[in-house]
Amino acid sequence: MPTVARGYGLKINRSGMAICPFHREKTPSAKIYPDGFHCFGCGVHADVIAFTQRLFGLPRPIDAAKKLNEDFYLHLDLGGHKSVNEVSEYRKKQREREEYERWEREAWNTLWGYLRTMYEWREMAPRSPDDEPDPRFAYALGHLDWAEWLCGEFINADEEGRKMMRSEVERIGGFWEG
Ligand SMILES: [Zn+2]
């Protein structure tokens with residue numbers, strides 16, 4: 001994405017931001033990701049093909065793919081059926097990627113929410129020895145280390161490692177509902 005964005009005249013600053021070509025602005029609000037474009041100003045979200053299609057007002061994604069092929073000397077054979085399949089295969093991968101990223105954000109929110117709650121519950125210690133301890137306090141004592149460990153694992157894991165934590169994340173998500 002950065003190569004294509006630069007190639008079509010966008011200036012990307014050190015934080016990966018550029019002036020959005022899809023709406024008028026003076027300060028950059030478009031983020032250029034390795035595999036996509038997102039404008040925080042006008043909300044345009046696009047992969048490389050959709051970006052090119054929109055930028056040049058091309059009718060179909062395949063037209064954008066052809067333009068990229070020519071402009072960036074990709075030497076792809078975009079003549080026949082195979083190439084259409086290639087484009088839809090690319091789009092499928094892109095969708096899977098977006099699904100994973102959505103899951104990853106939600107999973108992190110779940111784990112981080114769990115850890116924060118454990119910290120809160122730990123503050124519910126009985127005020128005097130005669131007080132009945134709050135069950136949430138007891139729960140936090142038993143699970144705080146676990147919650148910290150999970151968050152640490154999730155941060156440090158790669159994509160495969162995070163996927164392997166899926167059932168654990170679901171269990172904790174279910175814990176909120178239960
Ligand atoms: Zn914009």
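Colleague: What makes the arrangement around the zinc ion tetrahedral?

Modeller: The angles do. This is a predicted model. In it, the 4 donor atoms around the zinc ion subtend angles of 104 to 118 degrees. Four donors count as tetrahedral if all angles lie between 85 and 135 degrees. For four tetrahedral donors, the ideal angle is 109.5 degrees.

Colleague: Which atoms coordinate the zinc ion, and at what distances?

Modeller: Cys20 (SG), His23 (ND1), Cys39 (SG) and Cys42 (SG), at 2.1 to 2.3 Å. Donors are N, O and S atoms within 2.8 Å of the metal. These four therefore count as donors. Along the chain, their spacing is C-x2-H-x15-C-x2-C.

Colleague: Why can Cys20 and Cys39 be said to tie parts together?

Modeller: Look at where they sit. Cys20 is in the loop between β1 (17-18) and β2 (30-33). Cys39 belongs to strand β3 (residues 36-39). The pair therefore ties together parts that are 19 residues apart in sequence.

Colleague: Are Cys20 and Cys39 buried or exposed?

Modeller: Both are buried.

Colleague: Now the charged side chains. Why is the contact of Asp63 with Arg60 called a salt bridge?

Modeller: The closest N and O atoms are 2.9 Å apart. The cut-off is 4 Å, so the pair qualifies. Side chains of opposite charge can pair when their charged atoms come close.

Colleague: Why does Asp63 count as buried, and what does Arg60 count as?

Modeller: Asp63 has 17% relative accessibility. Buried means under 20%, so Asp63 is buried. Arg60 has 44%. That lies between 20% and 50%, so Arg60 counts as partly exposed.

Colleague: What do Arg162 and Glu104 tie together?

Modeller: Their side chains meet in a salt bridge, at 2.8 Å from N to O. Arg162 lies in helix α6 (residues 159-164) and Glu104 in helix α4 (residues 81-122), so the pair ties together parts that are 58 residues apart in sequence. Arg162 is buried, with a relative accessible area of 17%. Glu104, with 22%, is partly exposed.

Colleague: How are Arg171 and Glu168 placed in helix α7?

Modeller: They are 3 residues apart in helix α7 (residues 166-177), which means a separation of about one helical turn. Arg171 has a relative accessible area of 53%. Exposed means over 50%, so Arg171 is exposed.

Colleague: How many salt bridges does the whole structure hold, and which residues form a network?

Modeller: A search finds 12. Arg97, Glu101, Glu159, Glu160 and Lys163 are linked in a network of salt bridges.

How values were computed
Residues numbered from 1 in each chain as written. Predicted model: local features only at pLDDT ≥ 70, side-chain atom pairs only at ≥ 80, totals over all residues. Heavy atoms only, no water. Donors = N, O, S within 2.8 Å, 3.2 Å for Na, K, Ca; no water. Tetrahedral: all angles 85-135°; square planar, octahedral: opposite > 155°, others 65-115°. Helix = DSSP H or I, 4+ residues; strand = E, 2+ residues; numbered from the N terminus. Buried < 20%, exposed > 50% of the residue type's maximum accessible area, 1.4 Å probe, protein only.
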